[in-house]
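Subject: A structure for you to look through

Hi there,

Here is the structure I promised to pass on to you. Have it open while you read, and take your time.

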Amino acid sequence: MSDVDLQSPPTPIRPWRITPRRVAPQIAVALGGTIAAMVVVLLTPLAGFDGWLLIFVPISVVGGYMLSRGKGAVATTDAMVGNTVVLVAGVAFYPIISLLWTVITQGLDALLQWNFISSDMRISGPDDELNMGGAAHALIGTLMMVVIATVITLPLGVLTAVYVTEMRGRLRVIVRFIIQSMSGVPSIVAGLFIYSTVVMGMNRFSGLAGGLALAILMLPTVARTAEEVLKLVPDDLRSASYALGAPQWRTTLFVVLPTVRSGIVTSGILGVARIAGETAPLLLTASYFTATTYSPTEGPVASLPVFTFNLLQSGTEYSFARAWACSLLLLLAVFVLFTVARGLSGRDKR
Amino acid sequence: MGAALGHGTETQVPEKRTIVAQASRGDRVFRGIVSAGALSSLVLLGLIAVFLIVRSGEIFGRFGLDFIFSSDWTAGAEADGSDSTFGVWAMLVGTILVSVIAVIVALPLAVGAALFIEFYLPERLRSSVRMLVDISAAVPSVVYGLWAVSIFSGAASSWGELLHKFAGWFPLFGVENEQYDRSPFIAGLVLAIMITPIITSVSREVFSRTPPDLVNASYALGGSRWGAIRNVVLPYGSSGVVGGTMLGLGRALGETVAVYLVLNLVFKPNLRILESQGGNVASLIATKFGEASQYEIKALLAAGFVLFILTMTVNMAATYIVQKASPLES
């Protein structure tokens, strides 16, 4: 009697699935709004992207309202909020995209010249064309100071994290609080502090002073990331180690820390990404020098951000081209560091 | 032996032992080293405050509160500073003004972007967009400055002009000279763009930690996506958003290079945000440092101390709020 096939299971219907038919009206509104706004921008004195946005926002809001009409107040509000969130996110991301795009397009020219990485500005001035001079001095200086900062910060940061997570010392709440607040020390204040101690003490600018100033800014990042990583170590490992009779120092050094080896490296990488582009503290501590220097104690040392800053001040066409190239170099460094950090962060979870 | 247990025979209850956990020598050394390392951050923060105030004590001693509440910055030629006057009031007002503009603009953008990433974006794209946000939070400020000088400030000054044209009756938007570049408005927008990723990153993190049970319960009760966001996600994540905003504010208060490049420093307290004059303590330090005399350097250190206290207050408040929301797990 019944034709219902009881053998094969019913195909599930998934009412929440996004089908082309459901998205079509929304796409239509978005496209229609885009085109209508472009027409208005072309025909009236409103100009540029901001003019376009000014027209597009009301059109898309009204369109969204029309689409969801008849589905009840809740659905209408939901749709309106959804549209607003997407628009707001668009506005938030637009400057970032614009920045990345400009840096890449403007910086590629100078960066593609081999001499940009191989030579320094010892004999080249702001008016020299891009096939002369380069950023070698700044690259080497940045590398030197980042290494100094890392050598100081990594042990201190890991010790701090161990204190908070492993030792659970009496002051851990305070230490955690201080570390977190330290991440807000303005970079120029870190520079002033090192100026008033190291630079005034040695009576000259130096790469060492620059590295120390960067270390102050790097410490909170390293300590906090290392703490997050150490928290992921399962307590079973610690208990097992203690049960085998190992004292705390052996447990920490030979069980806990090796487990999160790549996490510790990640914390260092994120710290480097944080400081590689700092300008203000280096202005006051390492200053700037046009030639390549390898000594961290004998006089001023150039760095990529300060070099960029100085190029901006001289303001010639070629200086700006070099500044864009330096920015591209800095962005590439940050990107590579983040990618490596992301690749590593999956490693420890077994 | 086993049979004896529990059969009425007198069992000897052993004396309660006192357990003494005595750390071995290795452990004591280890704890000493770790504590010393951890306390270095505490010492460092103290040293920063002490050194700044010791090296600039002469300035505070001579000008007292006038150093904070007056707006005159004249560096004289005399080595003992007898013909110099220093006061950071205009810069202080400017710093706060610019940072407040930045937060007012950045907060809605960041919350919108965070909600977008966690609740509207398809799952496949989520991790790449998260990375984009994290990278833009790490873009050096000099790069933001370069972009602002060459691309953004032109557009922003025309927005300023529009704002004056249509809302000029509002005292904040009035101007004395018809010049709209290098204004606090532009500097505030640039800072907003810089701190949006920071606030987004923190807010997104808290939003993503909303217990999924609560969100699903909201859906199960027939709530819409907005219903779930308004009644579950936002209340749950609000302290995180506040904390992230305070961190962004701290960053904005201490920003040097980007502001230096887009703002015209004038030693006059100015609240008309579209006017081409403003102030910022950090930029003041960067501007004057190059050719400052020994005496003026002391004044700059004093300005640095004022800035340090200001940002530390904001940051400690932020830290307190955030840590209260996510207390240290035992």
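How many Å apart do the C-alpha centres of domain 1 of chain B and domain 2 of chain B lie? The answer is 33 Å. Before we go on, please keep in mind that this is a predicted model.

**The domains of chain B**

The domain assignment places domain 1 of chain B at 24–55 and domain 2 at 89–325. Five residues from domain 1 of chain B and five residues from domain 2 of chain B make the contact between them. On the side of domain 1 that touches domain 2, four residues are nonpolar and one is charged, with no polar ones.

**The domains of chain A**

Chain A is also divided, into domain 1 (20–111) and domain 2 (136–345). Taken over C-alpha atoms, the centres of these two domains of chain A are separated by 40 Å. Here eight residues of domain 1 of chain A are in contact with eight residues of domain 2 of chain A. The side of domain 1 of chain A that touches domain 2 of chain A has five nonpolar, two polar and one charged residues.

**Where the chains meet**

The contact between the chains takes 71 residues from chain B and 73 residues from chain A. On the side of chain B that touches chain A, the largest share comes from helix α1 (residues 25–55) of chain B, with 17 residues. By class, that side of chain B divides into 45 nonpolar, 21 polar and five charged residues.

**A helix pair to find**

Next, look for helix α4 (residues 89–120) and helix α9 (residues 225–254) of chain B. Their axes come within 9 Å and cross at roughly 145°, and the crossing of α4(B) and α9(B) is right-handed. Among the residues that make this contact are B:A102, B:A106 and B:L115 of α4(B), and B:V241, B:G248 and B:L249 of α9(B). The contact of α4(B) with α9(B) has twelve nonpolar, four polar and one charged residues.

**The nonpolar core**

The largest nonpolar core has 187 residues. Helix α4(B) turns up again here, giving the largest share of this core, 18 residues. Which residues have the most contacts inside this core? They are B:V190, B:L191, B:A258, B:V281 and B:A303.

Happy exploring!

Best wishes

Methods
Residues numbered from 1 in each chain as written. Chains lettered and ligands numbered in written order. Predicted model: local features only at pLDDT ≥ 70, side-chain atom pairs only at ≥ 80, totals over all residues. Domains from an automatic or database assignment. Contact = placed C-beta atoms within 7 Å. Nonpolar A, V, L, I, M, F, W, Y, C, P; charged D, E, K, R; others polar. Axes fitted to C-alpha atoms, helices over the stretch in contact; angles between N-to-C directions. Helix = DSSP H or I, 4+ residues; strand = E, 2+ residues; numbered from the N terminus. Left-handed = near helix turned anticlockwise from the far one by under 90°. Core = buried A, V, L, I, M, F, W, Y, C linked by C-beta atoms within 7 Å. Buried ≥ 20, exposed ≤ 12 C-beta atoms within 10 Å, placed from the backbone.
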